[in-house]
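Here's a quick briefing for anyone meeting this protein for the first time. Have a look at the sequence and the model, then read on.

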Amino acid sequence: FPSHDKVSNGESTLMSSNLKHYEESPDGSYSVQLRHNQRSFELVKNGVVTKLDEINVDELALSRIFLRDSSIYFYRKNESNVFEVCRYEISSKTVKGTGITQSLKGQRFYISHDEKFIYLDDGTKGDIDIGLVITELSR
(Lines give C-alpha, C1' and ligand atoms only; values in the text may rest on other atoms or scores of the structure.)
Protein backbone atom coordinates (compact mmCIF):
# COMPACT_ATOMS: atom_id res chain seq x y z
CA PHE A 1 0.00 0.00 0.00
CA PRO A 2 1.15 3.55 -0.59
CA SER A 3 3.22 5.06 2.19
CA HIS A 4 2.05 8.19 3.97
CA ASP A 5 4.55 10.24 1.90
CA LYS A 6 2.89 9.28 -1.35
CA VAL A 7 -0.56 10.11 0.01
CA SER A 8 0.54 13.58 1.12
CA ASN A 9 2.25 14.16 -2.23
CA GLY A 10 -0.90 13.23 -4.15
CA GLU A 11 0.62 10.08 -5.64
CA SER A 12 -1.27 6.83 -5.79
CA THR A 13 -0.23 3.34 -6.75
CA LEU A 14 -2.41 0.25 -6.90
CA MET A 15 -0.76 -2.27 -4.59
CA SER A 16 -3.52 -4.91 -4.46
CA SER A 17 -6.96 -5.46 -5.93
CA ASN A 18 -7.48 -8.66 -3.94
CA LEU A 19 -8.48 -7.08 -0.62
CA LYS A 20 -11.99 -6.71 0.72
CA HIS A 21 -10.84 -4.88 3.86
CA TYR A 22 -7.63 -3.10 4.83
CA GLU A 23 -7.00 -1.11 7.98
CA GLU A 24 -3.81 0.17 9.57
CA SER A 25 -3.24 0.49 13.31
CA PRO A 26 -3.18 4.02 14.76
CA ASP A 27 0.58 3.88 15.27
CA GLY A 28 1.22 2.28 11.86
CA SER A 29 2.99 -0.74 13.33
CA TYR A 30 0.61 -3.33 11.85
CA SER A 31 -2.36 -3.73 9.55
CA VAL A 32 -5.36 -6.04 9.31
CA GLN A 33 -6.64 -7.22 5.97
CA LEU A 34 -9.29 -9.51 4.57
CA ARG A 35 -8.80 -10.98 1.13
CA HIS A 36 -11.67 -11.63 -1.25
CA ASN A 37 -12.98 -15.19 -0.94
CA GLN A 38 -11.36 -15.72 2.48
CA ARG A 39 -13.14 -16.17 5.80
CA SER A 40 -10.31 -15.03 8.08
CA PHE A 41 -8.65 -11.69 8.66
CA GLU A 42 -4.88 -11.49 8.49
CA LEU A 43 -2.63 -9.44 10.73
CA VAL A 44 0.48 -8.11 8.97
CA LYS A 45 3.30 -6.92 11.23
CA ASN A 46 6.90 -6.46 10.14
CA GLY A 47 6.17 -8.45 6.98
CA VAL A 48 4.85 -11.46 8.93
CA VAL A 49 1.28 -12.51 8.15
CA THR A 50 -0.75 -14.12 10.96
CA LYS A 51 -4.17 -15.59 10.26
CA LEU A 52 -6.81 -14.34 12.72
CA ASP A 53 -9.22 -17.28 12.83
CA GLU A 54 -10.51 -15.98 16.18
CA ILE A 55 -12.33 -13.10 14.49
CA ASN A 56 -15.46 -14.43 12.78
CA VAL A 57 -16.11 -12.45 9.61
CA ASP A 58 -19.84 -13.31 9.66
CA GLU A 59 -20.32 -11.90 13.17
CA LEU A 60 -18.74 -8.61 12.06
CA ALA A 61 -21.28 -7.96 9.32
CA LEU A 62 -23.06 -5.22 11.27
CA SER A 63 -20.16 -4.07 13.41
CA ARG A 64 -16.47 -3.51 12.93
CA ILE A 65 -13.09 -4.17 14.41
CA PHE A 66 -11.08 -1.56 16.28
CA LEU A 67 -7.32 -1.49 15.92
CA ARG A 68 -5.35 -0.03 18.78
CA ASP A 69 -1.63 0.00 19.54
CA SER A 70 -1.55 -3.29 21.48
CA SER A 71 -4.84 -5.02 20.63
CA ILE A 72 -7.61 -5.60 18.13
CA TYR A 73 -11.14 -5.31 19.53
CA PHE A 74 -14.17 -7.08 18.10
CA TYR A 75 -17.18 -8.99 19.30
CA ARG A 76 -18.03 -12.64 19.06
CA LYS A 77 -20.32 -15.16 20.70
CA ASN A 78 -19.02 -16.44 24.03
CA GLU A 79 -19.67 -19.81 25.73
CA SER A 80 -23.15 -18.59 26.78
CA ASN A 81 -23.97 -17.81 23.13
CA VAL A 82 -24.05 -14.07 23.91
CA PHE A 83 -22.09 -11.47 21.95
CA GLU A 84 -19.12 -10.21 23.96
CA VAL A 85 -16.57 -7.52 23.21
CA CYS A 86 -13.22 -9.33 22.95
CA ARG A 87 -9.62 -8.28 22.69
CA TYR A 88 -6.95 -9.98 20.56
CA GLU A 89 -3.63 -9.11 22.19
CA ILE A 90 -1.04 -8.76 19.45
CA SER A 91 2.04 -9.50 21.57
CA SER A 92 0.70 -12.75 23.07
CA LYS A 93 -1.55 -13.71 20.12
CA THR A 94 -4.37 -14.52 22.54
CA VAL A 95 -8.04 -13.57 22.74
CA LYS A 96 -9.52 -12.41 26.02
CA GLY A 97 -13.13 -11.53 26.71
CA THR A 98 -13.74 -8.15 28.32
CA GLY A 99 -16.88 -9.26 30.15
CA ILE A 100 -18.90 -6.66 28.24
CA THR A 101 -21.84 -8.33 26.52
CA GLN A 102 -24.23 -6.94 23.97
CA SER A 103 -27.89 -7.78 23.79
CA LEU A 104 -28.21 -7.12 20.07
CA LYS A 105 -26.05 -8.32 17.21
CA GLY A 106 -24.51 -5.27 15.62
CA GLN A 107 -24.93 -3.08 18.69
CA ARG A 108 -22.17 -0.53 18.40
CA PHE A 109 -19.23 -0.06 20.70
CA TYR A 110 -16.10 2.02 20.68
CA ILE A 111 -12.69 1.61 22.33
CA SER A 112 -10.87 4.67 23.62
CA HIS A 113 -7.52 5.30 21.93
CA ASP A 114 -5.67 4.66 25.19
CA GLU A 115 -7.53 1.30 25.51
CA LYS A 116 -8.82 2.16 28.98
CA PHE A 117 -12.55 2.46 28.22
CA ILE A 118 -15.27 0.73 26.25
CA TYR A 119 -18.17 2.91 25.16
CA LEU A 120 -21.32 0.95 24.37
CA ASP A 121 -24.45 2.11 22.59
CA ASP A 122 -27.27 2.02 25.13
CA GLY A 123 -29.64 0.47 22.58
CA THR A 124 -32.29 3.19 22.75
CA LYS A 125 -34.37 3.06 19.58
CA GLY A 126 -33.43 5.87 17.23
CA ASP A 127 -30.45 6.83 19.36
CA ILE A 128 -27.24 6.81 17.36
CA ASP A 129 -24.96 8.25 20.04
CA ILE A 130 -22.37 6.10 21.71
CA GLY A 131 -21.79 7.36 25.18
CA LEU A 132 -22.13 4.98 28.09
CA VAL A 133 -18.82 4.35 29.79
CA ILE A 134 -19.06 0.69 30.71
CA THR A 135 -15.76 -0.26 32.24
CA GLU A 136 -12.13 0.53 32.56
CA LEU A 137 -10.17 -2.20 30.85
CA SER A 138 -7.67 -4.05 32.93
CA ARG A 139 -4.27 -5.04 31.61
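Predicted model: local features only at pLDDT ≥ 70, side-chain atom pairs only at ≥ 80, totals over all residues.

Residues are numbered from 1 along each chain as its sequence is written, and side-chain values use heavy atoms, with hydrogens and water left out.

**Overall make-up**

- The protein has one helix and eleven strands; these are DSSP runs numbered from the N terminus, with helices being H or I of at least four residues and strands E of at least two.
- Reading from the N terminus, the order is α-β-β-β-β-β-β-β-β-β-β-β.
- Of the 139 residues, 35% are buried, meaning under 20% relative accessible area with a 1.4 Å probe, counting protein chains only.
- The accessible surface is about 8400 Å², and carbon and sulfur atoms hold 47% of that; the areas come from the Shrake-Rupley method with a 1.4 Å probe.
- Among contacts (heavy atoms within 4.5 Å) with a separation of 6 or more, 27% link residues 24 or more positions apart.

- Four strands make an open sheet in the order 1-2-3-4, with antiparallel pairing; two strands pair if DSSP finds at least two bridges between them.
- Strand 1 (19–24) and strand 4 (48–52) are the edge strands, each pairing on one side only.
- From one strand to the next, the twist averages 25°, based on axes that are lines fitted to C-alpha atoms, with angles from 0 to 180 degrees between N-to-C directions.
- Strand 3 (residues 41–45) runs antiparallel to strand 4, joined by five bridges, and K45 sits opposite V48 in strand 4.

- Another open sheet of four strands is ordered 5-6-7-8, and its pairing is antiparallel.
- Strand 5 (66–67) and strand 8 (94–102) are at the edges with a single partner strand each, so one side of each has no neighbour in the sheet.
- Seven bridges pair strand 6 (residues 71–77) with strand 7 (residues 83–89) in the antiparallel sense, and S71 faces E89 in strand 7.

**A look at E84**

- E84 lies in strand 7 and counts as buried because its relative accessibility is 12%.
- Leaving out residues up to four places away in sequence, E84 touches several residues, including F74, Y75, G97 and I100.
- The side chains of E84 and N78 make a polar contact (3.4 Å), that is, a pair of N or O atoms within 3.5 Å, one able to donate a hydrogen and the other to accept it.
- E84 and Q102 are 18 residues apart along the chain, with their C-alpha atoms separated by 6.1 Å.

Conventions. Buried < 20%, exposed > 50% of the residue type's maximum accessible area, 1.4 Å probe, protein only.
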